[in-house]
Amino acid sequence: MSRVASLYLPQLPIERLRRLEQSAKPHNPEPRPVRPSVVPPIDDDPGACSVPRGGGWRPGARWARDGALARARVADDIAALPAHQRPTMREMGRRSEPADHPFKAMRPDEGGPGGQAVAAPFQPAAWARPAILVERVGQRDVVTAACPLAAELGIHSGMAAAHARALVADLDVRDANPAADRAVIERLALHAVGHWTPTASVAPPDGLWLDLTGATHLFGGEERFCRHLRRFLARLGYTASIAIAGTPGAAHALARYSGAPITVLPPGAEAQALAGLPLAALRLTPDALTAAARFGLDRIADLYPMPRGPLARRLGLATVTRLDQARGLVAEPIIPVMPFDEPQVSRRLLEPIGTAEAITQVIGDLVDDLTGLLQARGLGLRSAVLTCLRVDGDEQRIGLGTARATREAPHLKRMFALRVERIEPGLGIEAMTLATPRVEDLAPTSLEATFADGARVRDIAPLVDQLAGRVGEQALFRIAARESDVPERAVLRVPPLSAPTGWPAWKRPIRLLPRPEPLSSVVALLPDHPPRRFVWRGRAYRVMAGDGPERIHGEWWRAGREMWAVRDYFRVEAEGGERFWLFRRGDGVEGATGDLSWYIHGLFG
């Protein structure tokens, strides 16, 4: 079940100009009310009177103290009664349910009468003049937008500018800027994609479509999302009306012609909700509206009983399509805005191809086109996806990634040549598309002139890419140091082109086992001597030399069991020349530090 919201900004051009004017004017805050300099005196000595006079009650007044004592005596008398004779809470004038704190702040969503949105229509300042926007149409100027003050004086869109000037003498007339209005709508759509829903579309010239399917629960429901959206637009200085329905056409019509600031339509109620709206709500062409007026059709409900054939002949086939789209009988896809314009190139082939040579040639042409496009935008490729459309309708996709941003065509062609064998052409490939879902900025670099041989370090990124294409991207990595004393936590994998830093000064084995392996038949002199002999993986070793211990304590902030954990590491050399990295759990003195078992953790080269 899809849910689509239509956002309508009726006064977008005028409010945009008002906002620009207000941002350009200096901010002059209103003067605060002046408090009177003479304050009437307060009588702090009421004498024998128990009622406060003058400036209010005092905490120590007798009437307050006597009331408190009286209430205390009544409470004591009630507590002295038997349980079955005590009055109920309601008879005592008290409520058993808790009451909210009188100074607790109300939720922003619940403010205002009836829980409606706080956003209010734009209120023009006292100094504002009636303003209109005009656009040149043929040989005359036509009003395209009018502010609320001008609308009250009888000016509306479509009126001739000369007629509007004749009606209102002091009229602020400005040229319309549809490009700026379109830019505002597009920025709102990009903001919607990043904050509200992954699918948003521009509904020109003054609205948005938001696909809210599966997204409104993040804002507490559809009604609450609409209030949140109207408050956001009110802070920007724009008024809006929002409608949520099951189809884009119904949402578009209700947002503009229902007259309500927020409309949430239940699923399946589109036909009934649209019945009373005018035909203009269906986004019909002017010719269709003129023909409908000639036949006496003014509401959408008038089209329901009419047969499709006569309706299409009189009002056009587009009218039937719009009516079915609004009622959900025909799908109406919305084209979402893309925060990132993905560079891509495509080729449609005159005849299907199926050989590796032909596929490689087309890939080379696509790579040449793509590198030119990337160079024009100043971008470099980090990943690419090649899509091959077969004759039978199936698609074959292969992808590649680069260790560093690049747009070198020979290098990319070699990488794709290693993956051509993964494509199954079937009966033939009729179209191919090369897209880059991940790009980075790649500016040109200056080449330094040098007379020394071999002074410049060669870039190994092409070598890394070719090796990754053969053995896999996960097989190439480097080891970097991590801030930790425990050996198995002190290293991590990093990309092959990164420069690891921060290696410890003490020696570590070349090969570290995935996890320490236990040793058996260990002979060692406690507490600070290396073992003399041990058995590992069924083979006995006799130690000829050893160095240590290097004591490592557990990281108590990670787990409580490492509070007293101790490891004593030794570097030992066996008779055959093998060198191992061993450790003993415990310091050999305190039993809480370990059970004195021996393990092997690594091997030296």
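Tutor: Let's start with a term we need: a salt bridge is a side-chain nitrogen of Lys or Arg lying within 4 Å of a carboxyl oxygen of Asp or Glu. Please keep in mind that this is a predicted model.

Student: Thanks! How many salt bridges does the structure hold?

Tutor: There are 31 salt bridges in the structure. One of them pairs E555 with R558, whose closest N and O atoms are 2.5 Å apart. That distance falls within the 4 Å limit, so the pair qualifies. E555 is buried, with a relative accessible area of 3%.

Student: Where is R174 found?

Tutor: Look at strand β4, residues 172-175. R174 also shows how a fold can bring together parts of a chain: R174 and L133 are 41 residues apart in sequence, and their C-alpha atoms are 5.0 Å apart in space.

Student: What do the side chains of D547 and R571 form where they meet?

Tutor: They form a salt bridge, at 2.5 Å from N to O. D547 belongs to strand β18 (residues 539-553) and R571 to strand β19 (residues 566-574), so this pair ties together parts that are 24 residues apart in sequence.

Student: Now helices. How should I read one?

Tutor: An α-helix has 3.6 residues a turn, so residues three or four places apart point the same way. Let's take α12, which covers residues 356-377. Its 22 residues, at 1.5 Å each, should span 32 Å, and the end C-alpha atoms are 31 Å apart, which agrees.

Student: Which residues of α12 are buried?

Tutor: The buried residues include A358, I359, V362, I363, L366, V367 and L370. Just after α12 comes G378, with a positive phi of about 70 degrees.

Student: What do the buried residues of α11 pack against?

Tutor: Their partners are α7 (248-257), α8 (270-274), α9 (286-294) and α10 (308-315). The buried residues of α11 (residues 317-327) are T319, V320, L323, D324, Q325 and A326. Just after α11, G328 takes a positive phi of about 85 degrees.

Student: Where is there a positive phi in a residue other than glycine?

Tutor: R537 is one of these, with phi near 55 degrees. R537 sits in the loop between β17 and β18 and counts as exposed at 57% relative accessibility. R283 also has a positive phi, of about 60 degrees, although R283 is not a glycine. R283 is in the loop between α8 and α9 and counts as partly exposed at 22%.

Student: And which peptide bond is cis?

Tutor: The bond from G548 to P549 is cis, with omega near 5 degrees, and P549 is in strand β18. A cis peptide bond also joins L526 and P527, where omega is about 5 degrees. P527 lies in the loop between β16 (520-524) and β17 (531-536).

Student: Last topic: aromatic rings. How many aromatic pairs are there?

Tutor: The count, for ring centres within 6.5 Å, comes to 12 aromatic pairs. The rings of F534 and Y541 have centres 5.4 Å apart and planes at 25 degrees, so this pair is stacked. F534 is buried, with a relative accessible area of 1%, and Y541 is buried as well, at 11%. Elsewhere, W196, F219, F225 and F232 form one aromatic cluster.

Student: Which ring does the charged end of R567 sit over?

Tutor: The ring of F583, with the charged end 4.7 Å from the ring centre. Likewise, the charged end of R314 sits over the ring of F295, 5.7 Å from its centre.

Methods
Residues numbered from 1 in each chain as written. Predicted model: local features only at pLDDT ≥ 70, side-chain atom pairs only at ≥ 80, totals over all residues. Heavy atoms only, no water. Helix = DSSP H or I, 4+ residues; strand = E, 2+ residues; numbered from the N terminus. Expected span 1.5 Å × (residues − 1). Buried < 20%, exposed > 50% of the residue type's maximum accessible area, 1.4 Å probe, protein only. Phe/Tyr/Trp six-rings, centres within 6.5 Å; stacked < 30°, edge-to-face > 60°. Lys NZ or Arg CZ within 6 Å of the ring centre and 35° of its normal. Contact = heavy atoms within 4.5 Å.
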